[in-house]
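The sequence and the structure are shown first.

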Amino acid sequence: VDVRYGDEEQVSAGEGFDLSEGGLGFRGRTLYPAGRQIELAFRTEEPQAPWIRVQAVVRYAATERIGVEFVALSSDARRRIAQAVARVQGAQGSQA
């Protein structure tokens, strides 16, 4: 999962590893304190896929690992996230 995150002053790149309908865990070099609201964009498909853009609140940040909770999701973002989670769960189930 390609990730871009930050605020109006700085945007950083990251790599997502734990997507759910409520939030995202990812690796990134720029850490924000827990409780800080950030802008987040990510895509779960091929590199040409459109970015999913959401507001998120940092819930955990340490050693280049960041966990955020999604807030203020559009209906389109919510739908696309649910589809991505279902694809990942389906792929994991077929590997068992």
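The radius of gyration is taken over C-alpha atoms, and the globule rule is 2.2 Å times the number of residues to the power 0.38. The model examined here is predicted. For 96 residues, the rule places a compact globule near 12 Å; the protein chain has 13 Å, which agrees. Along the principal axes, its C-alpha atoms fill a box of roughly 40 × 30 × 25 Å.

Of the 96 residues, 38% count as buried. Among contacts between residues at least 6 apart in sequence, 48% join residues at least 24 apart. The mean positions of the 12 positive and 13 negative charges lie 2 Å apart.

The protein chain contains one helix and six strands, in the order β-β-β-β-β-β-α along the sequence. Strand β4 takes part in two pairings, tabulated below.

| Strand pair | Bridges | Direction | Example of bridge partners |
|---|---|---|---|
| β1 (residues 2-6) and β4 | Five bridges | antiparallel | D2 and R43 |
| β4 and β5 (residues 52-62) | Six bridges | antiparallel | I38 and A56 |

Why is strand β4 (residues 37-43) described as largely enclosed by the rest of the structure? Buried means under 20% relative accessible area. Five of the seven residues of β4 are buried, so the strand is largely enclosed. In a regular strand, side chains alternate between the two faces of the sheet.

Methods:
Residues are numbered from 1 along each chain as its sequence is written. This is a predicted model: local features need pLDDT of at least 70, side-chain atom pairs count only at pLDDT 80 or more; totals for chains, interfaces and linings use all residues. Side-chain values use heavy atoms; hydrogens and water are left out. Buried means under 20% relative accessible area, exposed over 50%, partly exposed in between (1.4 Å probe, protein chains only). Helices (H or I, at least four residues) and strands (E, at least two) are DSSP runs, numbered from the N terminus. Two strands pair if DSSP finds at least two bridges between them. Contact means heavy atoms within 4.5 Å. Lys and Arg count as positive and Asp and Glu as negative; His and the chain ends are not counted. The place of a charge is taken as NZ of Lys, CZ of Arg, CG of Asp or CD of Glu.
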